[in-house]
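Hello,

Here is the structure we spoke about. My notes on it follow below.

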Amino acid sequence: MNVVQALSYPPILRGFIALVLAGCFFPLAGVFILRLNLVTLRFTLMHAALLGAAVGLALHVDPLLVGLGLDLLAIAAISRVARESGLALGYVSTFFMVLTIGLAFAVIYKAGVPAKDAFGILWGSIYSLSRLDLALIAAYSAAIALFVTLGFRRVSAVLFHREIAAASGVREAALTSAILLFVGVAVALLMQLIGALLMDSILLLPAIVSSFRARSTRGFFLQACIIGAFCSITGFFTSFALDVPASSAVTVIAAGLLGVGLIYRRFSGRNA
Amino acid sequence: MPEPCIRIDGLCLDREGTRILRDVSLRVACGERLIVSGPNGAGKTTLLKAILGMMKAAAGRILVLGQEVGSREWARGRGRIGYVNQESVQVDFPISAREVVEIGTATLGLSRADRRRRIEEAMVAVGCAHLQSRMYARLSGGEKQKLSLARCLCQDPQVLLLDEPTSSLDPRSRAELMDLLRGLNEERGITMVMVSHDAQVLSEPAWKIRHMEAGAFA
């Protein structure tokens, strides 16, 4: 079966569209993760989504929606606790990371959820997306693109220095919460799309490669999107050509680009 | 007697159970240049942050440009207060010099043309027009501080708060920055409050000096 024939099947077409949308727009959230050092938060959200999947499977509710809901709850709780306790986001995230994975295993055991199903979220599948999943991915893509484009100066102020942003009249706390929200939703959606194990290929690697070349924040965002789009589209077609899973192909291409980026960085003398 | 630009009455401020500012009162007239000096831990930076509304007072009140800090009216006019922070910001992500200055226009609701004009005028005013497309991370400490000033100038400020702006500068850059501040004060009438314990800065003749120690003015 060639690619054109394959795309005539709705699940494959849905998977392709979702992958392209994710490649084009989800690296914007990767820029947030890189700049605000939210790597621990990302793991917490993955664990919360796993807990959500377990709860969803136990209650026979859509695991994606429950995972999304729990990610949003985790974001709200982490922001609140960090703000009120004055603790660093990383410490608070670590607490929730451990708590959610502990609860996930408890739910899997007590509710008799087949571990295979619950852990299925770790590797995801672009061809098992429902129309609702695709609609959520499209809505998220539009929302984050508008957020970054229309609020660029405010967003870049927060990314630059939160205190200076606040002193310049930017509602820094609200914007930081919005940024955390975008990261949380991106993680939940990508777990369904390509799985927890491979999500960095779309979320983080394009942003990292972009940081090697970009000279401005606008360029940073834009190049991350272009690199993400390149990885997802070439990954999709490569997966057909080589008969390998699409998520693996996307990941290998993104990792290859990161390698090229590291070599570029080494020889161009770029440190920032 | 005209209303001062900054008026602080009986300000007390606590952090993590420790009193940082004790019954601080201060008047800064419009157009005045004031240096708040004192040893590390005296509460100088905390005072600036309180004026900016970043720290909540335990007692007392602060009026800036006639509005009580924290009030709705103050929040609306917050853009008229510029803030130059203690150290040139260390960033490890790509941001251009122009984008840093542009932050000053973030909440002003200007048209694209007005924004561009204001950014360019601010960069020319501090002598940084040639740096526009340079990466911020690659600039010297002096250049970064000038960009901080340009960012504030975009806001067309009436009050400028400066937290040890010369602390990481070499003597030449320090002199350039102080000249720049003097010029802005004389030409635009911007009220300036600078926190510093730099001996060279404290010897500047046109600045009024108040000394702080253990959370109170001496």
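A:Phe96 sits in helix α6 of chain A, which spans residues 89-110. The model is a predicted one. A:Phe96 has 22 C-beta neighbours inside 10 Å, and because the cut-off for a buried residue is 20 or more, A:Phe96 counts as buried. Leaving aside residues up to four places away in sequence, A:Phe96 is in contact with A:Thr44, A:Ala74, A:Ala77 and A:Ile78. As for distance along the chain, A:Ala196 is 100 residues apart from A:Phe96, and their C-alpha atoms are separated by 17 Å.

Next, the nonpolar core. The largest one holds 159 residues, and those with the most contacts inside it are A:Ala54, A:Val183, A:Ala186 and A:Leu190. Helix α11 of chain A, residues 172-193, gives the most to this core, with 13 residues. A:Leu190 touches A:Ala22 and A:Phe26, and also A:Met199, A:Ile202 and A:Leu203, again not counting residues up to four places away in sequence.

In chain B I looked at a pair of strands. Strand β6 of chain B covers residues 81-84, and strand β7 of chain B covers residues 159-163. The two pair in the parallel sense, over four bridges. Within that pairing, B:Val84 stands opposite B:Leu162 of β7(B). Which residues of β6(B) point one way, and which the other way? B:Ile81 and B:Tyr83 point one way, while B:Gly82 and B:Val84 point the other way. All four of these residues are buried.

Regards

How values were computed:
Residues are numbered from 1 along each chain as its sequence is written. Chains are lettered from A and ligands numbered from 1 in the order in which they are written. This is a predicted model: local features need pLDDT of at least 70, side-chain atom pairs count only at pLDDT 80 or more; totals for chains, interfaces and linings use all residues. A nonpolar core is a set of buried Ala, Val, Leu, Ile, Met, Phe, Trp, Tyr and Cys residues joined through C-beta atoms within 7 Å. A residue is buried if 20 or more other C-beta atoms lie within 10 Å of its own, exposed if 12 or fewer, and partly exposed in between; C-beta atoms are placed from the backbone. Two residues are in contact if their C-beta atoms, placed from the backbone, lie within 7 Å. Two strands pair if DSSP finds at least two bridges between them.
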